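Me: I have a chain open on my screen and would like to go through it with you. Can we start with the charged pairs?

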Amino acid sequence: QTRPAPPCPAMAEDTVKRRCAPIYDAIEAKNYKLALKLAKVSRTKYPDAPLINALYAVSLERLGRVDEALQAARQVCKDVGSRPVPTFDDHVVNTLTIVFKAAGKLDELIATLESAAGQRQDSVGAHQSLFNACARSFSYLKMQQVAMKLYKRTQDH
């Protein structure tokens, strides 16, 4: 018997996004217990998917379990940051922002994004994510510094 070929990364990413849709729907409907349940099930199937883990953290935060949510969010940052090429998707960053902001620890997220952007000097996306996080925390000096780096890199304003 021959084994089927492993799915391509784009197909896996598509599957993860489909798995996230019901979790988003439950959060929007303010049914946080269902969102947590769906996120737990999805985490068992896709333990390395940062978006699912970030949605799990948001579900915990909305249920008032901020310490657990912060721990889960930190784990997402650690997992993504430990990859050979750390890339933070905008959806993941926006989702993690909810948790870190609720815990009053937005500076931790910015530090993680700064580290990822530092490792990927050539990545415009990493710097844009960092810029957006700085904007959310009203860190004007860092915003200016990141904007200058982006401008030097892209010559686009």
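Me: Is Arg65 buried, partly exposed or exposed?
Reply: This is a predicted model, and in it Arg65 has a relative accessible area of 32%.

Me: Which residue does the Arg65 side chain meet in a salt bridge?
Reply: Glu68, at 3.0 Å from N to O. Glu68 is partly exposed too, with a relative accessible area of 36%.

Me: How many salt bridges does the structure hold?
Reply: Four. Among them is the one between the side chains of Arg62 and Glu61, at 3.0 Å from N to O.

Me: And how accessible are Arg62 and Glu61?
Reply: Arg62 is partly exposed at 35% relative accessible area. Glu61 comes out at 13%, under the 20% cut-off, so Glu61 is buried.

Me: What about Glu114, which side chain does that one meet in a salt bridge?
Reply: Lys142, with 3.4 Å from N to O. This pair links distant parts of the chain, as Glu114 sits in helix 6 and Lys142 in helix 8, 28 residues apart. Glu114 has a relative accessible area of 34% and is partly exposed. Lys142 is at 31% and is partly exposed as well.

Me: Switching to the inside. How many residues are in the largest nonpolar core?
Reply: It has 45 residues. Those with the most contacts inside it are Ile27, Phe88, Leu96, Phe100, Leu109, Leu113 and Leu130.

Me: Which elements give two or more residues to it?
Reply: Helix 1 (9-28), helix 2 (32-45), helix 3 (50-62), helix 4 (66-81), helix 5 (90-102), helix 6 (106-119), helix 7 (124-136) and helix 8 (140-154). Helix 3 gives the largest share, eight residues.

Me: Take Leu96 from that list. What is Leu96 in contact with, leaving aside neighbours within four places in sequence?
Reply: Ala54, Ala73, Val76, Cys77, Phe88 and Leu109. Two of these, Phe88 and Leu109, are also named among the residues with the most contacts inside the core.

Me: Now helix 2. What span should its residues give?
Reply: Its 14 residues should span 20 Å at 1.5 Å a residue, and the end C-alpha atoms are 20 Å apart, so the two agree.

Me: Which residues of helix 2 are buried?
Reply: Tyr32, Ala35, Leu36, Ala39 and Ser42. They cover an arc of only 130 degrees around the axis, so they lie on the same side of helix 2.

Me: And what does the face turned away from that side carry?
Reply: The exposed residues there are Lys33, Lys37, Thr44 and Lys45.

Me: How far does helix 7 reach from its first C-alpha to its last?
Reply: 19 Å for 13 residues, close to the 18 Å expected at 1.5 Å a residue.

Conventions: Residues are numbered from 1 along each chain as its sequence is written. This is a predicted model: local features need pLDDT of at least 70, side-chain atom pairs count only at pLDDT 80 or more; totals for chains, interfaces and linings use all residues. Side-chain values use heavy atoms; hydrogens and water are left out. A nonpolar core is a set of buried Ala, Val, Leu, Ile, Met, Phe, Trp, Tyr and Cys residues joined through side-chain atoms within 4.5 Å. Buried means under 20% relative accessible area, exposed over 50%, partly exposed in between (1.4 Å probe, protein chains only). Helices (H or I, at least four residues) and strands (E, at least two) are DSSP runs, numbered from the N terminus. Contact means heavy atoms within 4.5 Å. The expected span of a helix is 1.5 Å times one less than its number of residues. The arc is that of the directions from the helix axis to the C-beta atoms.
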